[in-house]
Amino acid sequence: MADRGMRIAGGIVAGGVALGVAELVSVLVSPDSTPLQAVGGWIVDHTPDGFREWVIGLVGTNDKLLLFISMGVVAVVLAGVAGVIERERRPLGSVLFAAFGLLATLAALGRPNSAWTWALPSILGVWAGIMVLRSMIRRITALDEVAPEDIPTERRQVLRGLAIAGAAALVGGAAGRLIGLRSRDVSGERADVQLPTPTGPELSVEPGAELNIPGLTPYLTKNADFYRIDTALTVPQVSKDDWSLRIHGMVDREIRLSYADLATKTPIERLVTLACVSNPVGGDLISNARWLGYRLDEIIAAAGPHPDADMVLSRSIDGFTAGSPLAVLMDGRDAMLAVGMNGEPLPTAHGYPARLVVPGLYGYVSATKWVTELEITRFDRAEAFWTKRGWSAKGPIKTECRIDTPRAHGTFPPGKLTVAGVAWAQHRGIKGVEVRIDQGDWQPARLATAPSIDTWVQWAFDWDASGSGIHTIWARATDGTGETQTDKQQEVVPDGATGYPSLTVRIS
């Protein structure tokens, strides 16, 4: 019987050909129509919340990379299995390929904005894979009939064929992916964008907002360091020339704004901290930036929302939706359609050319990237992406704080030890932060200057760490309304984690 390892290799090469051909065909269709893209999108949409939160807690913003790696491993295993069973139980290997093709085709056709042509990459790719699988397995099986003295030569020819087919699959797949990415890449366009000059005095961060303590998170987050949590497997590439924002639904008049139309509106620049509802107590899925954009209340008011409307369902180019309370967007806070971030056009990973920024709401109900629609509706008529999956509908941000320094489980000498971190209660502001050592009394920390109630604020506490041993440090914040964060421990589902952040250190 022919070598099992060669059959496994034949299946893997055939799988590579299937994916490579699919990538090449997707150049003519859409980069999002490839089998791995389509199946990955389906997995994101149907992953149980508990497992999703566990993965985010484990790998943070690398969740999409982990998904692609996992899909790649599964694809290799299934292709290898197909190579084995195609010989032993023909044509089950081909059937396994066809089943994957059907799954990928259905997933592609079910993606937002898909067309019938999105089925072509999976269909043609799997067809090519099956042809290569059958050809390879026939050649490998034929080795059983070769005279013993000819086996080495024939094996070399089969291995050469596997290597050539594998290399072709790799080159073809890489070429298809690169061509697809380059054909829709908007980085050059983005680099040439001239941002509007905001009205009012120049926005600057007061020196007192930075306590300059080693280990303490900077007041402003660099664009490259800003957290990213969304449902897009690959970053959408949207040209400003193709982009538009449609405001419709329960309105007196439907409006559609192009990027050029925004030049007729008054730009504003504000400091706003965004937070993800998946952020655990003491977590880092929160960042602060300087945002440039246009007031959402003015944009929505121009459409004439009906008095009985209470929800704005925002929709992204990739089909993601978020439901924001209409009253919150219209209450005078600096909710905006943002086009700039920290003095430059929005990075593509953060929504270029336009996204929503709403102080005081978790991102899953407000911070829609690559936004293309605002539907004025009602909460009893529409559900957004995450509320369909059991999350809270309105998502107000809770009063929270975090300890950044000293490092957890570190060992420090007796003496002064500075405890520092950030606290936030967007659109309410922070009134105070307190620190407790072990089960001692709560003691006030000093606060940095707060340039805005819509951002986090740095805080610090000088602890006279004189007692040796292991100690637990706790912190809690009180917002501008006088409400202190709760000590009740709650997981992130359905509306955000609660509890006091804490860490242990050793004094020795």
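In which loop does Pro 353 lie? Pro 353 is placed in the loop between β8 (344-345) and β9 (355-357), where helices (H or I, at least four residues) and strands (E, at least two) are DSSP runs numbered from the N terminus. The structure is a predicted model, in which local features need pLDDT of at least 70 and side-chain atom pairs count only at pLDDT 80 or more, whereas totals for chains, interfaces and linings use all residues. Residues are numbered from 1 along each chain as its sequence is written, and side-chain values use heavy atoms, with hydrogens and water left out.

Backbone geometry is considered first. Most residues other than glycine have a negative phi, and most peptide bonds are trans. The bond that joins Tyr 352 and Pro 353 is cis, with an omega of about 10 degrees. A cis peptide bond also joins Val 493 and Pro 494, with omega about 10 degrees; Pro 494 belongs to the loop between β18 (469-479) and β19 (502-507). Asn 212, although not a glycine, has a positive phi of about 55 degrees, and this residue is located in the loop between α8 (187-191) and β1.

Strands of a sheet pair through backbone hydrogen bonds, either parallel or antiparallel. Two strands are taken to pair if DSSP finds at least two bridges between them.

An open sheet of four strands has antiparallel pairing and the order β11-β13-β17-β16. Here β11 (400-405) and β16 (446-447) are the edge strands, each pairing on one side only. Strands β13 (residues 415-424) and β17 (residues 457-465) run antiparallel and are joined by nine bridges; Ala 420 stands opposite Ala 460 in β17.

Among the helices, α4 (residues 63-88) and α5 (residues 92-109) pack at an angle of about 150 degrees, with axes 6 Å apart. This angle makes α4 roughly antiparallel to α5. Axes are lines fitted to C-alpha atoms, for helices over the stretch in contact, and angles run from 0 to 180 degrees between N-to-C directions; angles under 35 degrees count as roughly parallel, over 145 as roughly antiparallel, 65 to 115 as roughly perpendicular and the rest as oblique. The contact (heavy atoms within 4.5 Å) involves Leu 78, Ala 79, Val 81, Ala 82, Ile 85 and Glu 86 of α4, together with Leu 92, Gly 93, Ser 94, Leu 96 and Phe 97 of α5. By class, the residues of this contact are eight nonpolar, two polar and one charged; Ala, Val, Leu, Ile, Met, Phe, Trp, Tyr, Cys and Pro count as nonpolar, Asp, Glu, Lys and Arg as charged, and the others, Gly among them, as polar.

Voids were located on a 1 Å grid over the protein atoms alone: a cavity is a set of points where a 1.4 Å probe fits but cannot get out, a pocket is an open set with protein on both sides within 12 Å along at least five of seven lines, and lining residues have an atom within 4 Å of a point. Grid points are joined across faces, edges and corners, and a volume is the space filled by probe spheres set on the points. The largest pocket holds about 620 Å³. It has 26 lining residues, with Gly 15, Gly 16, Leu 19, Gly 20 and Leu 36 closest to its centre. Helix α1 provides the largest share of this lining, eight residues, and the lining divides into 17 nonpolar, seven polar and two charged residues.

Two cavities of 30 Å³ or more are counted. The largest cavity has a volume of about 310 Å³ and a lining of 14 nonpolar, six polar and six charged residues.
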